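Okay, everyone, thanks for coming. Let me put the structure up, and then we'll walk through what's packed inside.

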Amino acid sequence: MSLTDTQPRTRSGSSPDLLQGLNEAQALAVVSPHLPLCILAGAGSGKTRVLTRRIAHRIAEGSAAPQHTLAITFTRKAAGELTKRLTSLGVRDRVATGTFHSVAYNQLRQYWTEKGIAAPTLTQSKLRILMPLVAQRAQAGPGAAVQPADLASEIEWAKARLIRPENYVAEATRQGRQPPLGAEAMGELYRRYEADKRKRGIVDFDDLLMLTAEAMDADREFAARQRWRFRHLFVDEFQDVNPAQARLLDGW
């Protein structure tokens, strides 16, 4: 479904207030009964307005319960904005909003508690782990200077595409990647980064997505509870979803 600039038209089954100020395509996106539904819209076409009004409409007509609704965003600021707009639309019961990482982390903490697993430490920055590894590499022999931040970005690229250290060289080569180090050296650093994290009981933000998806694959009861809790999923800016996030969405 695409949002276009046509004249608004009143449609049955939705509160007039929820359709006020919308053009025909926007109103149709709000009230469409089709599930799943993908809305195609360019910048400035009112995507967030349509998203929040669709959630409010589904709740108003009884096809979605607010306590079982989850709206996923890419930033905490966007999640806060969704909550604010839904409140202004009369959605009194709190709809869960959050980023992929925050929702995954909440679920993981529940899972670890239920299983009696000591929760690993969530690192706020890959650089704390990478910088000692880069220093060790420099001491091992001469080589081109490399910025730890560039290495962190490359690891994030790999993890977002579900590429593990043992597969990094092949995938980076296949995709024509030009890492800050040679592919072999980058793959080895990636492997050491992951090994150091495990040794120290640390996870990074990228791990949260994979670990949650793996927990849902491994524990059917845990997965069923999450799917019962969040029966209605809405994703803002879906076109930016990467393979790791897509896998988690499939699990949810």
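This is a predicted model: local features need pLDDT of at least 70, side-chain atom pairs count only at pLDDT 80 or more; totals for chains, interfaces and linings use all residues.

Let's start in the middle: the largest nonpolar core has 24 residues, and Phe 100 and Trp 252 have the most contacts inside it. By nonpolar core I mean a set of buried Ala, Val, Leu, Ile, Met, Phe, Trp, Tyr and Cys residues joined through side-chain atoms within 4.5 Å. Buried is under 20% relative accessible area, with a 1.4 Å probe and protein chains only.

Who supplies this core? Two or more residues each come from β1 (69-73), α5 (100-115), α10 (205-218), α11 (220-229) and α12 (243-251). The biggest giver is α5, with 6 residues. Those names are DSSP runs numbered from the N terminus: helices are H or I with at least four residues, strands are E with at least two.

Now look at Phe 100. Setting aside neighbours within four places in sequence, its contacts include Ile 72, Leu 209, Val 241 and Trp 252. Contact means heavy atoms within 4.5 Å.

Apart from that core sits another one of 19 residues, including Leu 130, Val 134, Leu 151 and Ala 152.

Residues are numbered from 1 along each chain as its sequence is written, and side-chain values use heavy atoms, leaving out hydrogens and water.

Zooming out, the chain has 12 helices and 5 strands, and 42% of its 252 residues count as buried.

Methods
Buried means under 20% relative accessible area, exposed over 50%, partly exposed in between (1.4 Å probe, protein chains only).
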